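Work through the exercises below with the sequence and model open. Try each task before reading its solution.

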Amino acid sequence: DSPRKVTVAVIPGDGIGAEVMEPALGILEEIGPRHGLEFAWQHHGWSCEHYTRTGRMMPADGIDQLAGADQILLGAVGFPGVPDHVSLWGLLIPIRRAFRQYVNLRPVRLLPGIECPLRLREGEDIDFVVVRENNEGEYSEVGGRVYRGTEDEIAVQESVFTRRGVTRVARYALDLASSRRGSLASATKSNGIVHTMPFWDEVVHEVAAGYPGVEVADYHIDALAAQFVRDPGRFDVVVASNLFGDILTDLGAAMVGSIGIAPSGNLNPEKEHPSMFEPVHGSAPDIAGRGVANPLGMIWTASMMLDHLGHPEAGAELLSAVTATLTSGVRTPDLGGSASTGEVAEAVLEHLRDAA
Ligand code: NAI
Ligand code: MG
């Protein structure tokens, strides 16, 4: 069989984004051919550095350039001096929306070899997935400010929830729960936010009626945050709006060790457009340029891309190499070790070769 060619748009971005991208590509080149995949990289230097030179995070036709790729890999964008809303609204949000990447999938899983900052009960484990709505909700452009700088100043920002938008993310989460342990927690705040959140609850339960095998529980977001810490073992799949999901997944990443290992995928589940895979962490200007960034978040993210490409066995193989690296004790300083980015990546490669 001739290998399947997969074109991947690569946006390393700023700071440690570029430092973790390079080893991840090397690892994909190692594992791809074993599973009949041949990668072609399409590099894009879009970043805050690009913004300071050109006044744009990406070229005007950036979305068109990406549209021809099968998938997108992103390191991280953001740099001191460029306001964070510029990097977010100039690159990430346009990509997520143009390609209908309406699911932001973020596994929260305690890997072997990681010391959990929470005290778990005997036999308790943390292994759940947050499905964050990624296209609408609280992150909207509807609103404005008037009477700027005066005593009468007003700022208004509207949340936008659509039946189509809530239905499709609920359906994705329910399908995922069906394929796992059959339990879905839905994040709400229908006591305080009296229009959009009761609407969210109603639509989630309408869709859930078609999934008798999945048990659905609603949690107010504040109580849910507390339950993450008190009883993390009870969660299987969690579905949340854009803002709630954003906050919950940083909490989730902290619960399982380090933001340096947390992965995420911005998915277009119908596969009509490219999906975008990026670690949860940012560009970490405080450690950039020192060669100590943990590459495991980017590498686990690459494993999610293999899953989405329809090669879960390749994804699982890569994740086992990550786990083997962690248990062997080769770690970057964020996990209490002294290894460099390159040494950790090399250890992953060795475990992959051993497994072959
Ligand atoms: P951050 O995730 O970059 O860093 C938070 C802390 O975690 C820092 O102390 C950093 O050193 C550490 N850290 C993060 N990733 C690590 C890794 N792989 N290995 C070891 N340590 C790691 O978040 P922060 O500081 O809030 O944001 C920095 C910049 O990144 C900002 O400009 C922000 O807008 C941007 N950012 C971009 C994201 C993206 O591209 N999707 C996501 C989050 C932040
Ligand atoms: Mg975030």
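A residue counts as near a molecule if its C-beta atom, placed from the backbone, lies within 6 Å of it. This is a predicted model: local features need pLDDT of at least 70, side-chain atom pairs need pLDDT 80 or more, and totals for chains, interfaces and linings use all residues. Residues are numbered from 1 along each chain as its sequence is written, while chains are lettered from A and ligands numbered from 1 in written order.

**Exercise 1. The ligand shell**

Task: Find which residues come nearest to ligand 1, then describe the shell by helix and by class.

Solution. 
- Step 1. The shell around ligand 1 holds 24 residues, and Gly78, Gly260, His281, Gly282 and Asn294 come nearest.
- Step 2. Assign helices (DSSP runs of H or I, at least four residues, numbered from the N terminus). Helix H1 (16–31) and helix H4 (84–98) each give at least two shell residues. H4 has the largest share, with three residues.
- Step 3. Sort by class. Ala, Val, Leu, Ile, Met, Phe, Trp, Tyr, Cys and Pro are nonpolar; Asp, Glu, Lys and Arg are charged; the others, Gly among them, are polar. The shell splits into 11 nonpolar, nine polar and four charged residues.

**Exercise 2. H1 against H9**

Task: State how H1 and H9 cross, and which residues meet.

Solution. 
- Step 1. The axes of H1 and H9 (residues 296–308) come within 9 Å and cross at roughly 40 degrees.
- Step 2. Angles under 35 degrees are roughly parallel, over 145 roughly antiparallel, 65 to 115 roughly perpendicular, and the rest oblique. H1 and H9 are therefore oblique to each other.
- Step 3. Contact means C-beta atoms, placed from the backbone, within 7 Å. From H1, Val20, Met21, Ala24, Ile27 and Leu28 meet Met298, Ile299 and Ala302 of H9.
- Step 4. This contact of H1 with H9 has eight nonpolar residues, no polar and no charged.

**Exercise 3. H5 against H6**

Solution. 
- Step 1. The contact of H5 with H6 divides into eight nonpolar, one polar and two charged residues.

Key: Axes fitted to C-alpha atoms, helices over the stretch in contact; angles between N-to-C directions. Contact = placed C-beta atoms within 7 Å.
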